[in-house]
Structures are given as structure tokens and as C-alpha cells.
There are 2 protein chains.
Amino acid sequence: MDMCESCQYNMQVIEKIKNEVPDNELTTKLADMFKVFGDNTRIRILWTLFDKEMCVYDIAEKLSMSQSAISHQLKTLRQARLIKSRRDGKNAFYSIDDDHVKKIIEQMVIHIEE
Amino acid sequence: MDMCESCQYNMQVIEKIKNEVPDNELTTKLADMFKVFGDNTRIRILWTLFDKEMCVYDIAEKLSMSQSAISHQLKTLRQARLIKSRRDGKNAFYSIDDDHVKKIIEQMVIHIEE
DNA sequence: AATATATATGAACACATGAACATATGAATG
DNA sequence: CATTCATATGTTCATGTGTTCATATATATT
């Protein structure tokens, strides 16, 4: 059976996932990255940014939260390199920085909904 | 282009992920599930169980941690339905309860390693 | 029944985390 | 350069989390 590009990637990773528990360095990185996704506000911000870039104020309004709370979470997401920002005059526009973000959330949605 | 089964799943989910931020119920469930993966010990336990079931004592020894710490984390993983347990005499054997667990971690490994 | 072994659980503690609030920074505009 | 608007940041506080320690439960063995 032919595999699409995405699944060929998976096969490479499955090789890595065999048998031995990897060193703490990788598992810690993994856990830390999962932690970034492990917050309702951050998930909602990422979802908001799936289809378009947005400025801080608009994200805050859309999610009915304070500008400060959103800004703090944007910082966390940016440090994890999940989103990137660009200044345009007074505004800072944020957008998804990584193609995998959607896939990661997708995979979890699939898990949840079964 | 033909898509494999896994990617057809993804397409269904992408439909869901369009435009609107979903209600808090789904995003909260998502965040809570990510939280379960967001701990180094739990990631290492899951990894340990990828290829075979194991009893509590052996997991603890393999990860060089106390039986109590492992048992507590096993409870968390079991409550999230990521693993299941079976008793055999004095031992409790744990194993992965969900096909998605590996895929979810795979996807994150892919993200980390790029 | 008494004991040994494997696992589970409850309480306590240290630490991490997220939001609110106040304030600072940066950019545009008068 | 003072003001305004948008965003960022530092601090504080309440809450959540993971481990340890002590103890309880469960099963097997004698």
C-alpha cells in the first residue's frame, strides 16, 4: 500500500520509538512541549490563529480575556516556538510558526473523539 | 493523490478545526489530555509500555523511581484511559490502552526533532 | 492465622503555574 | 515632547502538581 508523505514520516519516528526508553533529555523536551499545549487558554489562542494572524487586542476580545493574560500566554507560546510575532505600527500580529501545531492538535482531537 | 487511512482521518478532523474556536468543553478536554502527557515520568512510563505490558515493580526499577511514585502516576494514566491494568496474583500488569497514544507521542517527536 | 510480597492510597511538603493588578515600554500622532 | 494607544512585564496570590513517607489493602505461602 502506498503511504503518503505524512505517514512515511511516522514510520521514521516509529523506528525511534522501539524498545528502549530514551534518555531524559528527549522525554523532558517532549513533556515540556506537551505542557505548553496543556492549557485551555493556550489551546484557544492556537485555534484562533489556525487560519489567520491576529493582533493581541483582537485575540483578547475574541476569547473574552484581559490583554495582559493573553500577552503572557503569547510569550509562553512564542518561547516554545509555536507562534511568531511581527510588529506593524502599534500592533503586534501573531501567527502559527510551525506546521506541526495543527497536526498535533488534530491527533489529540482524534483521540478525544473516540 | 491517494491518501492512506491515517490521513483520511486527519482530513475529517481538519474540517472540525476550521475557523471558529470551539466551545470551552472541547478545548478544556484537549488541554486536560495534553496535561497528562506533560510530565517526564508519565512519558517515560508510556514509552516503557509501548512494546509490552509490565508490572509496577519492574517499571519502577527500569525508571529508577520509587514504587509509590510510579503507582501514583499509573493511576493518573489509567484515569485518563491511556493505560489499562490486569491483576495476576500479586502483580498488577499495565499496558497501553489506546492506539492513539503512540501516534500522539510520535507527532510530538516529529515536531521536536525539526 | 501469621507472614511476606506487591501494589495502592492518604497526607504533607516543596514547587510550579495562571490570572489579576499595576506599571513599564514602544510606536504613532498632535 | 507630551499624549495616547497597543503591548509587554513584574509582582502577588491562589491553586495545582509531583514526590516522599507512612500506612493500608490484596494476594500468596507457610
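Tutor: In this predicted model, β2(B), residues 83–88, and β3(B) run antiparallel and are joined by 6 bridges.

Student: Which residue in the turn of the hairpin formed by β2(B) and β3(B) has a positive phi?

Tutor: Within β3(B), N91(B) is the bridge partner of D88(B). The hairpin leaves 2 residues between its strands. The turn residue with a positive phi, about 65°, is G89(B).

Student: What is the bridge partner of C55(B) in β3(B)?

Tutor: β1 of chain B, residues 54–55, pairs with β3 of chain B, residues 91–96, in the antiparallel sense. That pairing extends over 2 bridges. In β3(B), the partner of C55(B) is F93(B).

Student: Which element gives the most to the surface near DNA strand D?

Tutor: Among the 25 residues around DNA strand D, those that come nearest include C55(A), Y57(A) and G89(B). Two or more residues each come from α4, α5 and β3 of chain A and from α5 of chain B. With 6 residues, the element that gives the most is α5(A).

Student: Which element gives the most to the surface near DNA strand C?

Tutor: Of the 24 residues around DNA strand C, S68(A), G89(A), C55(B), Y57(B) and S68(B) come nearest. The elements that give two or more residues are α5 of chain A and α4, α5 and β3 of chain B. The most, 6 residues, comes from α5(B).

Student: How many residues of the surface near DNA strand C are charged?

Tutor: This surface has 7 nonpolar and 12 polar residues. The number of charged residues is 5.

How values were computed:
Residues numbered from 1 in each chain as written. Chains lettered and ligands numbered in written order. Predicted model: local features only at pLDDT ≥ 70, side-chain atom pairs only at ≥ 80, totals over all residues. Near = placed C-beta within 6 Å. Helix = DSSP H or I, 4+ residues; strand = E, 2+ residues; numbered from the N terminus. Pairing = 2+ DSSP bridges. Nonpolar A, V, L, I, M, F, W, Y, C, P; charged D, E, K, R; others polar.
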